[in-house]
Amino acid sequence: MKTPLTGATMITLRDVHKSFGNFEVLKGVSLEISKREVVCIIGPSGSGKSTLIRCINALTPISSGSILVDGLELNDGHLDKLALRRRVGMVFQQYNLFPHKTAIENVCMAPVHVLKQDPADVYKRGLSLLKKVRLEGKENCYPGQLSGGQQQRVAIARSLAMSPQVMLFDEVTAALDPETVKEVLVTIKELAEEGMTCVLVTHEMGFAREVADHVYFTDRGLIVEHGTPTELFSAPKDPRTRQFLNQIL
């Protein structure tokens, strides 16, 4: 059973714009995400979903507007990025594991080298996290010895090793074959049920319907419509949302 939402705001976006040269990708996005909330962002390719989620982790600086994450203002020249990295974990479509490092070494690197935590303590926590993502016994395997789904779960454990308050997932199943998608989605679902604040860019509509508290539909750099999964999937109000869902459901 998922922990009830607290009502406290974890992430706030206010009129966020992002341009790459003359091309405006985000055209004034505003939203709020509460602690323990699970938000899914859906929409066609090129609608700004991945850019939006990268902005929330300050991997992509915004052009104008405001993003607050647990009280940190991201559009600030004095942003403490280490403080942000401790609050926000991110998992990408590509696993980005170090191929010459074992699973446990990949999980332990950032806490030891970035946070300067005790290696023995981090190792114990790393083993616990690999067990959490159902990779017990795989700690000494190299990425090349693991399936795509297993590598993605190592990537999730690696992000969790920083003890974040928010997890961002950017199309984390897009590079997986259908047989391994489920094992990754189960891991994310368990995190959501434990009360982790999660923001997912996803094309997995069934998963979004099942786990999300709130769903945002984006198109051409704007939030076209948002609501609960029941509202958005069963009774979309905007014609563009209906058109999109009719094509994929």
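Trainee: Let me start with the sheet: in what order do its 4 strands run, and what is the sense of their pairing?

Mentor: Good place to begin! In this predicted model, the order is S2-S1-S4-S5, the sheet is open, and the pairing is antiparallel.

Trainee: What makes a strand an edge strand here?

Mentor: An edge strand pairs on one side only, and that is what we find for strand S2 (23-34) and strand S5 (72-73).

Trainee: How do you know that S1 and S4 are paired?

Mentor: Strands count as paired if there are at least two bridges between them. Strand S1 (residues 9-20) and strand S4 (residues 64-69) have 5 bridges, in the antiparallel sense, so they pass that test. For one of these contacts across the sheet, look at Leu13, whose bridge partner in S4 is Ile67.

Trainee: Why is Thr12 called buried?

Mentor: Buried means under 20% relative accessible area. Thr12, which lies in strand S1, has 13% relative accessibility, so it counts as buried. Leaving aside residues up to four places away in sequence, Thr12 touches Leu31, Glu32, Ser66, Ile67 and Leu68.

Trainee: What makes S9 and S10 a hairpin?

Mentor: There are 2 residues between S9 and S10, and the two strands (residues 214-219 and residues 222-227) pair in the antiparallel sense over 5 bridges. Val215, for instance, has Gly227 in S10 as its bridge partner. In the turn, Arg220 has a positive phi of about 55°.

Trainee: Which residues have the most contacts inside the largest nonpolar core?

Mentor: They are Ile42, Leu130, Val154, Ile156, Phe169, Ile188 and Leu200, in a core of 48 residues. Helix H6 (residues 178-193) gives the largest share of this core, 6 residues. In soluble globular proteins, nonpolar side chains tend to be buried together.

Trainee: What does Ile156 touch?

Mentor: Not counting residues up to four places away in sequence, Ile156 touches Val91, Val133, Met167, Phe169, Val184, Thr187, Ile188 and Leu191.

Trainee: Which residues of H3 are buried, and what covers them?

Mentor: In H3 the buried residues are Ala103, Ile104, Asn106, Val107, Cys108, Pro111 and Val112. Their cover includes helix H4 (119-132) and H5.

Trainee: What is the volume of the largest pocket, and which residues are closest to its centre?

Mentor: The volume is about 430 Å³. Out of 16 lining residues, Met90, Ala110, Arg158, Ser159 and Met162 are the closest to the centre. Strand S6 (88-91), helix H3 (103-113) and helix H5 (148-160) each supply at least two residues of this lining. By class, the lining has 9 nonpolar, 5 polar and 2 charged residues.

Trainee: Met90 is in that lining. Is it buried or exposed?

Mentor: Set its value against the cut-off: Met90 has a relative accessible area of 8%, and buried means under 20%, so Met90 is buried. Met90 sits in strand S6. Beyond residues up to four places away in sequence, Met90 touches Ile53, Arg54, Asn57, Leu59, Ser159, Leu168 and Asp170.

Trainee: Which residues line the second largest pocket?

Mentor: This pocket, with a volume of about 180 Å³, is lined by Cys55, Ala58, Thr60, Pro61, Ile62, Ile67, Leu74, Asn75, Asp76, Gly77, Leu79 and Lys81. The lining divides into 7 nonpolar, 3 polar and 2 charged residues.

Trainee: Which residues line the largest cavity?

Mentor: The lining is Phe169, Glu171, Val172, Thr173, Leu185, Ile188, Leu200, Val201, Thr202 and Phe207. H6 and strand S8 (197-201) each supply at least two of the residues. By class there are 7 nonpolar, 2 polar and 1 charged. You have already met Phe169, Ile188 and Leu200 among the residues with the most contacts inside the largest nonpolar core.

How values were computed. Residues numbered from 1 in each chain as written. Predicted model: local features only at pLDDT ≥ 70, side-chain atom pairs only at ≥ 80, totals over all residues. Heavy atoms only, no water. Core = buried A, V, L, I, M, F, W, Y, C linked by side-chain atoms within 4.5 Å. Buried < 20%, exposed > 50% of the residue type's maximum accessible area, 1.4 Å probe, protein only. Contact = heavy atoms within 4.5 Å. 1 Å grid on protein atoms, 1.4 Å probe; cavity = no way out; pocket = protein on both sides within 12 Å on 5 of 7 lines; lining within 4 Å. Points joined across faces, edges and corners; volume = space filled by probe spheres on them. Nonpolar A, V, L, I, M, F, W, Y, C, P; charged D, E, K, R; others polar.
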